[in-house]
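User: Please go through the model shown below. I will ask about its interfaces and then about some single residues.

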Amino acid sequence: MRTFVTLLTDFGTADGYVAEMKGVLLAAAPDAVAIDASHEIPPHDVEAARLALARYWRRYPAGSVHVVVVDPGVGSSRAALAIESDGRFLVGPDNGVLSPALLSPGARAVALRVAPNASPTFHGRDVFAPAAARLALGDGIDLLGDPSLDPLVRRTPEAHRRADGAVEGEVITIDRFGNCVTNLMTRRGGVVDVGTVRCAIVRAYDDGAPGAPIALVGSSGLVEIAVRGGSAAQRLGLRRGSRVALRAEH
Amino acid sequence: MRTFVTLLTDFGTADGYVAEMKGVLLAAAPDAVAIDASHEIPPHDVEAARLALARYWRRYPAGSVHVVVVDPGVGSSRAALAIESDGRFLVGPDNGVLSPALLSPGARAVALRVAPNASPTFHGRDVFAPAAARLALGDGIDLLGDPSLDPLVRRTPEAHRRADGAVEGEVITIDRFGNCVTNLMTRRGGVVDVGTVRCAIVRAYDDGAPGAPIALVGSSGLVEIAVRGGSAAQRLGLRRGSRVALRAEH
Amino acid sequence: MRTFVTLLTDFGTADGYVAEMKGVLLAAAPDAVAIDASHEIPPHDVEAARLALARYWRRYPAGSVHVVVVDPGVGSSRAALAIESDGRFLVGPDNGVLSPALLSPGARAVALRVAPNASPTFHGRDVFAPAAARLALGDGIDLLGDPSLDPLVRRTPEAHRRADGAVEGEVITIDRFGNCVTNLMTRRGGVVDVGTVRCAIVRAYDDGAPGAPIALVGSSGLVEIAVRGGSAAQRLGLRRGSRVALRAEH
């Protein structure tokens with residue numbers, strides 16, 4: 001049985017760091033199947049990586065290994081983690097980027113042992129890829145390290161209910177099309193206020209009038225702001241962190 | 001026997017959509033081999049995707065599956081297609097992007113059934129990846145849908161002969177080096193007029209004088225305009241749609 | 001046993017050239033495992049490709065094949081090479097890009113035979129991918145061509161010792177984070193002078209004060225200039241070729 005090992009980094013590919021990591025992985029676990037998730041996470045953008053990982057980690061078969069190296073603190077005292085969660089394995093730094101798996105019920109984490117000769121600037125190659133290879137070969141996380149005693153970093157940006165009954169949230173990511181994904185969730189419909197612009201929640205991009213801002217429930221269950229055939233981010237001047245408010249239907 | 005499944009999208013990779021699609025594909029068809037064709041098609045650029053697909057779809061072994069998700073009409077009434085053509089399989093929206101395979105003699109198409117719970121914003125994950133998985137597992141297209149009754153969208157930008165004997169065409173894509181690929185074809189040599197600039201058709205980039213515009217027959221048989229060691233697009237102010245004219249040799 | 005075939009190009013992916021190369025490779029060698037190293041090398045940047053290749057070529061298992069197509073001279077009289085070095089195989093143009101393997105003791109090279117119908121604009125598809133497929137299938141380089149009689153292009157940018165005892169080198173690449181990798185090497189510590197700015201050599205990025213330029217020995221053994229949490233290239237106005245000087249500790 002082939003084991004899938006996905007790779008998510010902020011390295012870009014042009015410098016050869018990613019190719020080097022893949023080589024280390026495949027030399028140690030030649031039957032693993034390396035899958036590029038992305039190497040285009042903005043440099044040091046832990047939050048963007050967390051959101052990307054949330055989308056896909058559970059889609060891979062049980063036994064799959066997810067490597068996440070968006071790691072501004074490489075070489076510092078931050079822990080390097082291996083996690084088992086819902087039958088999948090993850091490795092990456094203890095900076096919150098692995099929160100989607102860590103927050104799942106039954107998740108277990110260990111702090112990876114870091115070899116003394118590991119480069120303090122490239123744990124992707126010298127810590128995370130070797131750990132992923134061992135997991136792909138069938139080792140459990142308990143062979144790779146000891147349960148972390150310190151509390152682990154967890155990230156969960158949450159929307160909150162305001163006094164007026166609306167739920168206030170924010171734009172958490174903007175995709176390549178200019179759609180603005182928020183941390184709001186709804187099953188009931190309603191409207192989303194973006195500054196002074198009110199957006200009706202519709203079913204699909206195509207239900208909007210061309211050029212008019214709309215809201216809809218995206219494919220991961222989160223409310224997003226969109227403009228049919230255009231960029232909502234540009235049309236409404238939105239960026240990550242922009243405030244939005246959801247009013248349920250009456 | 002492993003089945004290759006290529007993926008062509010305009011998603012970029014940073015948001016995790018591509019990784020999610022691959023997870024759905026590989027969870028359903030673990031022996032498939034996912035091959036990234038590109039995820040850097042400009043957003044909603046059906047024409048660019050059509051041209052990329054034209055280059056490669058027939059290069060993969062019979063039985064291969066090509067997934068193309070450049071889909072501005074996702075969630076609208078446009079059909080979702082599965083095509084069998086020349087022994088290969090393709091899935092994607094009915095917007096002309098699959099024309100290279102659809103226009104091949106003997107091609108057959110069905111309209112995929114869309115499950116009621118499919119996300120109206122992400123058919124790549126909920127319609128096309130599952131269909132590709134079934135094709136990779138050996139199902140025929142007839143198990144995935146019914147022959148489309150409506151005429152399908154086909155795209156074939158064609159050059160045409162002018163009264164003065166020249167063949168008039170246009171720039172259909174500009175590659176990363178600034179070479180301008182046209183829809184002109186020739187086996188006989190001649191010259192290509194780009195505005196007031198006349199370009200001789202030479203054999204290879206290296207046959208041009210540095211900085212001088214030249215024309216040549218590119219690797220897919222189409223005439224392209226180039227500048228040795230530079231960008232023809234920049235040097236001549238060309239963009240997609242710019243007119244060019246081919247005059248055969250006398 | 002699966003054979004890994006890595007691919008390094010300056011094509012980008014959007015035009016379909018890379019997907020076409022992979023198709024040719026996999027149609028001829030269906031059991032090969034295609035690994036994307038990078039397709040985002042800046043156009044015609046032989047030096048950037050050489051440095052990327054240096055990082056990873058030896059990390060893959062013996063028998064692996066590395067395809068490098070950064071080839072401004074395609075279609076000219078430059079030779080097309082296959083190299084065997086330290087148990088790995090490489091194919092690419094004779095322009096110095098393969099120097100990391102070529103300079104390794106015991107390396108052997110042959111000039112590939114170019115079929116008369118090979119496109120003079122796309123040796124990646126018509127020369128290098130087919131050669132890689134044959135190597136992946138077990139052919140030796142001697143079956144693919146004859147030993148090159150002409151001297152091959154080799155690139156080795158070297159630092160040199162100045163009269164005042166410092167070693168003068170240069171920035172050879174700048175990574176996505178703005179870290180400036182130089183051609184300086186040291187095992188003893190010391191300082192690096194960048195213009196009038198003196199950078200202490202520290203262990204890890206995290207050992208710098210936020211915003212202050214530092215130097216460290218990077219993961220490939222080369223000295224790099226960095227700024228914790230920022231871009232050294234931007235902070236110090238460095239570009240490729242900028243001069244730096246290493247003074248050993250007393």
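User: What area do chain C and chain B bury between them?
Analyst: This is a predicted model, and the values here are computed from it. On the side of chain C, Asp15(C), Tyr17(C) and Thr121(C) lose the most area to chain B, together 20% of what that side buries. Carbon and sulfur atoms account for 55% of the area between the two chains, and the total is about 2600 Å².

User: Which element gives the largest share of the side of chain C that touches chain B?
Analyst: The contact involves 34 residues of chain C and 29 residues of chain B. Across this interface there are 14 residue pairs in polar contact, both residues at pLDDT 80 or more. Two elements of chain C give two or more residues to that side, helix H1 (17–28) and strand S2 (33–38). The largest share, eight residues, comes from H1(C).

User: How far apart are the closest N and O atoms in the salt bridge of Glu20(C) with Arg59(B)?
Analyst: The rule finds three salt bridges across the interface of chain C and chain B. A pair counts when the nitrogen lies within 4 Å of the carboxyl oxygen. For Glu20(C) and Arg59(B) the closest N and O atoms are separated by 3.4 Å.

User: Which residue of chain B meets Arg176(A) in a salt bridge?
Analyst: Three salt bridges cross the interface of chain B and chain A by the rule. In one of them, the N to O distance is 3.7 Å and the side chain that Arg176(A) meets is that of Glu40(B).

User: Is Asn179(C) buried or exposed?
Analyst: Asn179(C) sits in the loop between strand S9 (167–174) and strand S10 (180–182) of chain C. Leaving out residues up to four places away in sequence, Asn179(C) touches residues including Thr173(C), Glu224(C) and Ala226(C). The side chains of Asn179(C) and Tyr205(C) are joined by a polar contact of 3.4 Å. The relative accessibility of Asn179(C) is 5%, so Asn179(C) counts as buried.

User: What is the phi of His44(B)?
Analyst: Most residues other than glycine have a negative phi. His44(B) lies in the loop between S2 and helix H2 (46–56) of chain B, and is partly exposed at 35% relative accessible area. Although His44(B) is not a glycine, its phi is positive, about 65°.

User: What is the relative accessible area of Asp86(B)?
Analyst: Asp86(B) is in the loop between strand S4 (80–85) and strand S5 (88–93) of chain B. Its phi is also positive, near 50°, in a residue other than glycine. Asp86(B) is partly exposed, with a relative accessible area of 39%.

Note on methods. Residues numbered from 1 in each chain as written. Chains lettered and ligands numbered in written order. Predicted model: local features only at pLDDT ≥ 70, side-chain atom pairs only at ≥ 80, totals over all residues. Heavy atoms only, no water. Helix = DSSP H or I, 4+ residues; strand = E, 2+ residues; numbered from the N terminus. Buried < 20%, exposed > 50% of the residue type's maximum accessible area, 1.4 Å probe, protein only. Polar contact = N/O pair within 3.5 Å; in protein donor to acceptor, adjacent residues only side chain to side chain. Contact = heavy atoms within 4.5 Å. Buried area = accessible area lost by both parts, 1.4 Å probe.
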